[in-house]
Amino acid sequence: MMQYKKIFELKNKAKDTLDGKYGGVVLLQVLSVLITNGVQFLISNIATATVYTVYSRTGSESTATSVSLFFDLLLLAASALLYVLNAGITLYYLNMACKQPLSVTDLFYGFRTDSSKILVIACVTTLCTAICLYPSQYLLQPFLNTGETKWLFYALLALILGTCIYLPVNLGIRLSFYFMLDFPQNSAKETLTLCWRRMKGNRKRLFCMEASFLPLTLLCILSFGIGFLWLEPYKNMTRTYFFLDMMNPIGTNSQS
């Protein structure tokens with residue numbers, strides 16, 4: 001039978017690997033956040049200004065809503081494109097775990113190699129989030145505008161149902177970029193299918209591992225977000241060792 005490492009063992013190994021190497025991972029983290037937030041901030045501000053201008057000139061609420069929907073779709077497309085950066089981040093941490101040469105330019109790996117395959121995986125992951133979690137945000141808006149409690153109820157119900165669907169699906173494909181890098185010959189569909197199949201029986205372990213970071217997450221929030229510069233690399237490194245341990249567990253012989 002196969003024996004996996006305990007969560008605390010993976011976390012300790014991650015801390016040991018990161019010791020003395022936080023400069024590179026923090027720079028990688030900062031670049032990723034600046035690029036992602038910068039693009040999303042730009043689109044959001046253009047959307048707000050455009051919707052306001054359209055409504056003030058036409059007085060048509062339906063036209064303004066259509067324009068707003070267009071920018072929502074544009075933001076969703078941008079989110080999928082930006083998610084490609086996670087392929088480079090995954091490569092960086094895998095190289096660190098396997099003691100391979102490191103480069104901050106690995107962040108842009110997804111735009112240089114197998115870009116179409118990586119984009120497909122990014123789109124699937126982004127759509128999973130949008131389909132499961134975005135409806136609650138849209139249902140909350142009428143409550144904020146009108147104050148009618150029924151919309152708050154609908155939003156909470158959508159959030160609960162969406163989260164119940166999102167968690168198992170997301171846990172099943174969350175490590176897709178690891179599988180893509182480990183099996184480069186596979187297509188995007190084959191990568192997602194392989195990830196989904198191998199994660200059976202490991203979703204609970206991954207969920208418990210991610211949940212173990214919640215206390216540190218709360219502390220990072222209290223630090224006005226500064227702590228995330230340390231926490232995110234720690235989480236990524238632990239997730240990398242989770243993948244490596246899942247693919248190469250300790251074998252123990254049992255008598256039949």
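Is Gly 24 buried, exposed or partly exposed, and what is its relative accessible area? The structure is a predicted model, in which local features need pLDDT of at least 70 and side-chain atom pairs count only at pLDDT 80 or more, while totals for chains, interfaces and linings use all residues. Residues are numbered from 1 along each chain as its sequence is written, and side-chain values use heavy atoms, with hydrogens and water left out.

**View 1. Gly 24 in helix α2.** Gly 24 belongs to helix α2, which covers residues 22-58; helices are DSSP runs of H or I with at least four residues, numbered from the N terminus. With a relative accessible area of 22%, Gly 24 is partly exposed, a class lying between buried (under 20%) and exposed (over 50%), as computed with a 1.4 Å probe on protein chains only. When neighbours within four places in sequence are left aside, Gly 24 is in contact with Tyr 92 and Val 104, contact meaning heavy atoms within 4.5 Å. The C-alpha atoms of Gly 24 and Gln 185 are separated by 29 Å, the two residues being 161 residues apart along the chain.

**View 2. Ser 176 in helix α7.** Ser 176 is part of helix α7, residues 176-182, and it counts as buried because its relative accessibility is 1%. The side chain of Ser 176 reaches the backbone oxygen of Ile 173 at 2.6 Å. Not counting residues up to four places away in sequence, Ser 176 touches Ile 121, Thr 191, Leu 192 and Cys 195.

**View 3. The packing of helices α9 and α11.** Two packed helices are described by the angle between their axes and the distance between the axes. Helix α9 (residues 203-211) packs against helix α11 (residues 228-247) at an angle of about 160°, with the axes 11 Å apart; the axes are lines fitted to C-alpha atoms over the stretch in contact, and angles run from 0 to 180 degrees between N-to-C directions. The two helices, α9 and α11, are therefore roughly antiparallel to each other, a term for angles over 145 degrees. From α9, Arg 205, Leu 206, Met 209 and Glu 210 meet Lys 235, Thr 238, Arg 239, Phe 242 and Asp 245 of α11. The residues of this contact divide into three nonpolar, one polar and five charged.

**View 4. Asp 245 in helix α11.** Asp 245, which lies in helix α11, is buried, with a relative accessible area of 4%. Neighbours within four places in sequence aside, Asp 245 is in contact with Tyr 4, Lys 5, Leu 10 and Arg 205.

Definitions and conventions. Parallel < 35°, antiparallel > 145°, perpendicular 65-115°, else oblique. Nonpolar A, V, L, I, M, F, W, Y, C, P; charged D, E, K, R; others polar. Polar contact = N/O pair within 3.5 Å; in protein donor to acceptor, adjacent residues only side chain to side chain.
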